[in-house]
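The following note sets out some points for a colleague who is examining this model. Each point may be checked against the coordinates.

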Amino acid sequence: MNERTRMLDHYTTRVYKNRKDHVLQIENAPSSQEIAANTRTIPGIITNRGCCYAGCKGVVVGPLKDCLVITHGPIGCGYYSWGTRRNKAVAEPGGQNYLPYCFSTDMQESDIVFGGEKKLEQAIAEAVEIFHPAAIMICSTCPIGLIGDDVEAVAKRTEEKYGIKCIAFSCEGYKGVSQSAGHHIANNGLMKHIIGTGDKRPATKHAINILGEYNIGGDGWEQARILKRIGYEIVTVFTGDGSFQTMKNAHLADLNLVMCHRSINYVAEMMKDKYGTDWLKVNFIGVEATIQSLRDIAKYFDDPELTARTEEVIRDELANIADAVAYYKSKLKGKKAGIFVGGSRSHHYQALLRDFGVETIIAGYEFAHRDDYEGRQVLPTIKEDADSKNIENLVMTPDPQLYKQRYSDEKIEELRRELPLGTYAGMIRDMKDGHVVIDDFNHFETEQIIKLMKPDIFFSGIKDKYIIQKGGTPSRQMHSYDYAGPYAGFLGAVNFARDITMAIYTNAWAFVTPPWKNHSTLIGTVGTVGGDDHA
Ligand code: CFM
Ligand code: HCA
């Protein structure tokens, strides 16, 4: 047993037994080790997770620019989710963009006691009068479920009264394990009420949707730039810079690309079942990953002209960034990284780091499920998860008019041997021996793993970034990129490399001794967990 294994073992078996199954060290890579995920956080632990409302409102429906999203609840939830996630959007010509606004019913004590439906209807009336939105979304926060406001009934009355689309999401914060419960609720709502309601057919023969791309820091725009150069028509994006108007036509696209599997896999699967639309797992984070994804898409369409154009664009884009990539690689090669983000980026960014010779030795997700770690093949073995009781599992049957399968089952089987078509292999398979994977990292573990493995940089979130940085390890924030970006595609890769080179080479905090540095370390003195070190 080496020192690291001994310490991890000590921590997970003797300090926090219930964390053992959430922490693993990769052995015999490419590994298919099992990890515990999507379980409720242990009360009292300082988790980095958010809530179900954050996953529904903040992540999936919030970025739809022409939807006026009302947070039904006390003001804090609306305020906290206002503008913190940098999903950029620009209104379509003549269209609407409500992203800069924060709408909330601002529930007060008397509303909680006597019910909030009237207040919600009043808020909707004001919103309609002032903004004339094409669609309204109601997102419920914790107290709404507790007092039992019938938000679905309010949505129905709104549609009848104003003749606009209104969708209610019962995404109370406590509704599930974390953000991922909210993703599922949001996916169900979009599927039930929006997808399939439009009839605008694509104008070209290679029409795609991008699923699970939220245009943080403009990532989606860089992807669209590349895809459009090749000749793809983008019907809609779920949901970064996306809209109700375009999402209505999503079912008329030829192929769904899935970026963030965690947040949108339900829509991808439901569209496959209802409309026959295939989905392909892509990753536009990383130069090599982008190239691979572009080639995979071309292979799916199997059109020689498209394939030739794909190669032409790849050549041109690579030539454009070659010098910058070589320079940053010379600065970053051999460095080691840790990544802890929500449910996708901890995997996607490993590809981008690899482009510059950086190895990711620690990775974890806040709230991803076992399939995001181990691959979708584990799904049939998971009978019930912590969210199954709370969240409806919609079962789709083929739409009699609109179901259309592009390829025969045999051809799909053949393609699946070469492409991640309708499947996702997960993060663990891409990690090497000795790397550590931790599910639902908590604050304590973040500090300990950094002490133990000493990465040159640790990517994290808003809440956990500063403690890492002030402890002397450079940290970049992977959720909204510390207000930089885009980091996707070819141009984004260079932005990313520049930002992390600056972080590593100007690590000013390493020159300062933080006040807590003189205290004992926890793993060294496990008897004092929760004691001195947090003073
Ligand atoms: Fe998907 Fe996301 Fe992520 Fe996510 Fe998020 Fe996000 Fe994230 Mo913050 S949808 S799982 S719920 S890629 S908001 S854009 S950065 S935790 S890793
Ligand atoms: C969320 C949004 C978040 C938060 C980021 C963080 C984001 O989950 O509520 O806390 O660091 O990306 O903005 O993930």
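How many nonpolar, polar and charged residues does the shell around ligand 2 have?

1. The model under review is predicted. The shell around ligand 2 has two nonpolar, three polar and two charged residues. By name, the residues around this ligand are A54, R85, Q179, G461, I462, K463 and H479.

2. A polar backbone atom of I462 is 2.5 Å from an oxygen atom of ligand 2. For K463, a polar side-chain atom lies 2.8 Å from an oxygen atom of the ligand. In the case of H479, a polar side-chain atom lies 2.9 Å from an oxygen atom of ligand 2. On its own, ligand 2 has 360 Å² of accessible area, and the protein covers 87% of that area.

3. Ligand 1 is surrounded by 14 residues, of which the closest are R85, H183, C260, G342 and H479. Its shell divides into six nonpolar, six polar and two charged residues.

4. Most peptide bonds are trans. A cis bond joins F238 and T239, with omega at about -5°; T239 has its place in strand β7, which spans residues 233–239. Another cis bond joins G485 and P486, with omega likewise about -5°. P486 is found in the loop between α18 (462–470) and α19.

5. One backbone torsion also deserves attention. Most residues other than glycine have a negative phi. D106, although not a glycine, has a positive phi of about 50°. This residue, D106, is found in the loop between β3 (103–104) and α4 (109–114).

6. The last point concerns helix packing. Helix α13 (residues 304–332) packs with helix α19 (residues 489–505) at an angle of about 20°, and their axes are 10 Å apart. Because angles under 35 degrees count as roughly parallel, α13 is roughly parallel to α19. The crossing of these two helices, α13 and α19, is left-handed.

Key: Residues are numbered from 1 along each chain as its sequence is written. Chains are lettered from A and ligands numbered from 1 in the order in which they are written. This is a predicted model: local features need pLDDT of at least 70, side-chain atom pairs count only at pLDDT 80 or more; totals for chains, interfaces and linings use all residues. Side-chain values use heavy atoms; hydrogens and water are left out. A residue is near a molecule or strand if one of its heavy atoms lies within 4 Å of it. A polar contact is a pair of N or O atoms within 3.5 Å; within protein, one must be able to donate a hydrogen and the other to accept it, and residues adjacent in sequence count only if both atoms are side-chain atoms. Accessible areas come from the Shrake-Rupley method with a 1.4 Å probe; for residues, only the protein chains shown count as cover. Ala, Val, Leu, Ile, Met, Phe, Trp, Tyr, Cys and Pro count as nonpolar, Asp, Glu, Lys and Arg as charged, and the others, Gly among them, as polar. Axes are lines fitted to C-alpha atoms, for helices over the stretch in contact, and angles run from 0 to 180 degrees between N-to-C directions. Helices (H or I, at least four residues) and strands (E, at least two) are DSSP runs, numbered from the N terminus. Angles under 35 degrees count as roughly parallel, over 145 as roughly antiparallel, 65 to 115 as roughly perpendicular and the rest as oblique. A crossing is left-handed if the near helix is turned anticlockwise from the far one by less than a right angle, and right-handed if clockwise.
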